[in-house]
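Trainee: Could we go through this model together? I'd like to know what stands behind each label we put on it.

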Amino acid sequence: MTKQYDLVVIGGGPAGMAAALSAKQHGVENILILERDKELGGILNQCIHNGFGVHHFKEELTGPEYSARFITEIQKTSIEIMLDTMVLKIDNHRQIHAISPNHGYMVLKSKAIILAMGCRERTRGAIRIYGSRPSGIYTAGTAQRLININGYMPGKEIVILGSGDIGLVMARRMTLEGAQVKMVLELQSRSNGTLRNIVQCLEDYHIPLYLNHTIVQIHGKNRVEGVTIAKVDENLAPIKASYQYIPCDTLLLSVGLIPENEISKSARVKLDSRTRGPFVGELRQTNIPGIFACGNVLHVHDVVDFVSEEAALAGYGAARYIRGQFDTTITHQTINGEGVTYVLPQTMNIYHIEDTCNLYLRVNKPYGRCQIEAWIGNTLIASKREIRCLPSEMINFKIRKEAIVGSSDLRPAQAIDQQPTQIIVKIVGMDRDPSLP
Amino acid sequence: MFDICIIGAGVIGSAIARELAKYDLSLCLLEKDQDVSSGTSKANSGIVHGGYDAKYGTLKAKFCARGNQLYDQLEKELHFGFRRVGSFVIGFDDQDRKTIEALYENGLKNNARGLKIVDGDFVKKREPYLSDQIQVALYCESAGVISPYEFTIALAENAVDNGVELRLNTEVVGIHKQADHFVIKTHQKPIQSKVVINAAGLYSDKIAKMVGIEDFEIQPKRGEYVLFDKTQGHLVNSIIFQTPTEAGKGVLAVRTYHGNLMIGPSSTYIEEKNNVNTTAETINEVIHAARKSLPNFDLKEVITTFSGNRACSTKHDFIIEESKKIPGFINIAGIESPGLTAAPAIAQYVVEMVAASHLISLQQKSHFNPERRPYHHVSEMNPKELNELIQKHPEYGRIICRCETVSEGEIKDALSRSIPINTLDAVKRRTRAGMGRCQGGFCTPKILEIIYNELGIPVEKIEKKTAGSYIVVGRTKKAFH
């Protein structure tokens with residue numbers, strides 16, 4: 001089967017849905033969403049806790065409620081949805097190859113494509129925890145699915161390694177289901193989770209968080225029987241004298257998320273080693289004309305509201321591309337300055353920006369009172385004060401178009417040989433807040 | 001009463017069972033675990049060796065070179081996955097060159113095929129990512145890669161399809177010699193058999209002792225491996241061995257049959273036969289040693305580490321013999337590396353032994369079916385084939401394991417074949433569901449559901465691999481009542 005669309009969105013989670021809706025609002029007619037699961041919503045379907053939508057809807061929703069609002073909107077439109085459909089690759093002609101039980105092997109042509117495949121969790125193997133290989137070791141997301149979707153308890157006595165948000169949420173969830181969560185261990189000297197989750201998921205339930213700790217061995221031949229935990233030194237090496245055996249039947253891992261870009265790679269989309277997602281411009285265009293990316297496939301977000309915001313940009317970008325109003329010129333490039341691990345978008349075409357450009361960035365360590373600054377050459381073009389910046393919390397930073405234009409040596413659009421102007425984004429720390437984790 | 005009872009459904013036991021299934025015999029294959037290929041056969045390098053390495057005159061040398069030549073035909077019949085990719089033993093200096101020349105000479109005597117001593121440029125052309133320091137290498141065209149557990153499963157499945165009675169979860173706890181037969185005690189009903197073949201791998205000494213044979217011991221030698229994502233697979237095209245030195249055999253780097261980069265194994269004698277732990281020290285040594293051959297692999301792309309225990313005997317060679325003390329009791333023991341390569345040749349030899357022993361007469365079966373029905377692996381099919389298949393069987397269009405592109409159809413096929421299976425690992429080894437970069441993170445809940453739907457086993461009773469390796473404790477809200 002070969003079919004032709006104006007826009008195909010790969011992934012029907014929050015990013016894909018918001019991108020499709022935005023494209024629709026900007027006049028794209030013939031849109032298809034491909035979703036591998038049997039319903040729309042993506043990972044939100046298993047995130048039954050609240051806290052979603054504070055920015056986007058100005059109220060607190062659960063994950064399924066948040067996604068339901070988008071599903072309802074989509075159902076009012078003519079956007080076509082194919083569920084139970086797995087995309088296998090995007091070929092050199094930008095055709096999408098996918099299979100499903102109902103349609104068999106499909107080759108789909110589309111004027112534009114939006115990548116919204118989300119991310120996956122790092123595993124035990126990836127962080128190389130040694131010992132035996134029994135059952136009872138789950139990534140936090142798998143445990144979350146087992147409990148919240150399938151209705152099964154993975155275990156009774158739990159140790160959690162890694163203090164990412166899903167791990168923290170699962171510490172609370174499993175406690176509420178009657179399990180004993182013995183501890184959460186974190187290799188670094190600070191948590192990867194948001195402060196809100198540390199308070200509401202651990203402290204409220206008296207679950208201890210051990211910083212600078214890791215697991216050095218897993219015990220148990222059939223099922224997990226225990227783990228050996230250890231304190232680590234400043235080089236993150238386990239300290240032998242601190243080894244301690246903790247009996248448990250389950251180990252949950254919340255040790256990081258990895259954007260899932262296998263399909264992007266098949267389309268030769270260029271990836272950024274900092275984000276592990278594509279290099280993108282202001283409308284989330286990748287290096288391959290007509291292919292856009294948004295959501296966790298692009299970079300891991302901690303708040304779904306920003307996913308929706310970013311996806312709307314990609315939808316708008318795709319709409320412009322389909323109308324033939326897309327200019328691939330790169331006028332600016334964002335650069336990591338001091339204290340910054342990454343800035344998104346990595347490039348900009350100033351001619352596409354109407355009023356402001358919204359930058360997403362992460363810092364490399366906790367800062368107390370500080371200022372985020374954007375510089376072109378010796379000119380400070382934008383700044384924002386923060387009371388606190390944490391690596392676990394993505395920062396939203398707006399720059400006005402006129403501030404960028406005023407400091408740039410801009411030539412007419414389409415000037416191919418033009419070197420992009422660099423915008424350096426950095427953190428200027430005022431002082432270190434001693435109360436920080 | 002069986003004619004022959006084989007103890008152990010690893011690659012050796014399964015190969016023997018399949019070879020004997022060509023004859024009119026009543027055969028029984030016993031396995032203590034929940035699936036075949038649950039021990040050493042599932043965790044090794046997955047290599048069909050060229051046969052130049054084992055010292056001329058040993059059983060290892062004899063059966064390795066012979067076994068190598070049987071694999072093309074076996075692959076045609078059993079479809080387990082085999083490719084002759086060639087191997088290099090790489091050398092960095094004159095000392096290595098001497099060793100490589102000696103290996104070459106030894107290989108010629110062993111009747112190993114496709115051997116050639118080559119220079120560093122030859123290696124570089126075929127293996128551009130290897131070290132620049134390589135001066136010389138022994139190239140062996142006939143070496144290949146296989147999926148060792150799929151091979152073992154294929155052998156056992158074809159044996160069962162040809163009438164062999166496979167009894168899983170059946171541990172042998174005692175053997176009594178009667179006048180003209182053996183009584184094999186298990187936790188179920190005792191089994192009677194005229195001939196017993198001991199292919200119990202790591203436990204073959206324990207089984208031999210049950211009839212009073214005490215002239216060998218099995219010393220488990222653990223090998224630890226690191227398996228990488230397929231993104232690293234392009235770094236090697238063939239099998240890369242290091243030149244053995246007095247310090248050790250070195251570690252190999254290989255692109256596995258399915259396309260992952262794998263490095264290892266280490267080599268440590270251990271006490272406990274079933275201790276397949278991995279350790280930080282050893283894995284770090286493996287990584288360090290492998291860098292000598294292949295300097296630039298990316299540790300961020302590691303999928304898993306694992307280990308397997310080789311069944312090394314105190315006789316330092318394969319033990320392949322009918323006991324002189326106990327006629328009818330055949331030991332196939334101490335089958336360490338290159339045991340996987342040798343397995344089909346050993347199996348043929350066992351048939352000759354049985355024929356020569358006059359214990360039972362061998363009549364070729366007229367209806368032996370050497371063919372095993374291949375799997376429809378979606379990841380290996382072209383669009384036209386897939387469309388035809390999905391039209392007939394829509395479940396092949398539903399991808400359950402996204403990392404390895406495994407469909408519901410393949411999983412259901414695995415669950416309905418002649419070897420009854422019900423564990424996650426058994427499904428994984430047959431279909432690759434859960435083998436990929438997310439290590440079952442996304443597909444585990446879905447596979448549980450398929451096992452429940454197909455076999456009717458409640459999810460809380462489904463296990464990963466062994467008794468007690470349950471996945472969930474019960475329904476939410478009810479788990480603690």
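**Strands, domains and the contact between chains**

Mentor: Let's start with β10(A), which runs parallel to strand β16 (residues 213-219) of chain A and is joined to it by 2 bridges. Before we go on: this is a predicted model, where local features need pLDDT of at least 70, side-chain atom pairs count only at pLDDT 80 or more, and totals for chains, interfaces and linings use all residues. Residues are numbered from 1 along each chain as its sequence is written, while chains are lettered from A and ligands numbered from 1 in the order in which they are written.

Trainee: What makes β10(A) and β16(A) a pair?

Mentor: Two strands pair if DSSP finds at least two bridges between them. β10(A) and β16(A) have 2 bridges, so they pair. For A:Tyr130, the bridge partner in β16(A) is A:Gln217. As for the word "strand", that is a DSSP run of E with at least two residues; helices are runs of H or I with at least four residues, and both are numbered from the N terminus. On that count chain A has 8 helices and 29 strands.

Trainee: Which strands make up the open sheet with β10 of chain A, and in what order?

Mentor: The order is β10-β16-β17-β18 (chain A), 4 strands with mixed pairing.

Trainee: Why are β10 and β18 of chain A said to stand at the edges?

Mentor: Each has a single partner strand, so one side of β10 (130-131) and one side of β18 (244-247) are left without a neighbour in the sheet.

Trainee: What makes strand β23 of chain A "mostly covered"?

Mentor: A residue is buried if 20 or more other C-beta atoms lie within 10 Å of its own, exposed if 12 or fewer, and partly exposed in between, with C-beta atoms placed from the backbone. In β23(A) (residues 340-344), 4 of the 5 residues are buried. This strand runs antiparallel to β25 (residues 356-363) of chain A, with 4 bridges between them. One bridge partner of A:Val340 to look up is A:Val363, in β25(A). Over the 437 residues of chain A, 52% count as buried.

Trainee: How do you know that domain 1 and domain 3 of chain A are in contact?

Mentor: Two residues are in contact if their C-beta atoms, placed from the backbone, lie within 7 Å. By that cut-off, 13 residues of domain 1 of chain A are in contact with 17 residues of domain 3 of chain A.

Trainee: And how many residues do chain A and chain B give to their contact?

Mentor: Chain A gives 40 and chain B gives 44. The biggest giver on the chain A side is α3(A), with 6 residues. A:Tyr152 has B:Arg475 as its bridge partner in β23(B).

Trainee: What makes one side of helix α3 of chain B its buried side?

Mentor: The buried residues of α3(B) (residues 71-78) are B:Tyr71, B:Leu74 and B:Leu78. They cover an arc of only 60° around the axis, which puts them on the same side of α3(B). The arc is that of the directions from the helix axis to the C-beta atoms. Turned away from that side are the exposed residues B:Asp72, B:Gln73 and B:Lys76. The buried ones pack against several elements of chain B, including α2 (59-68) and α6 (148-161).
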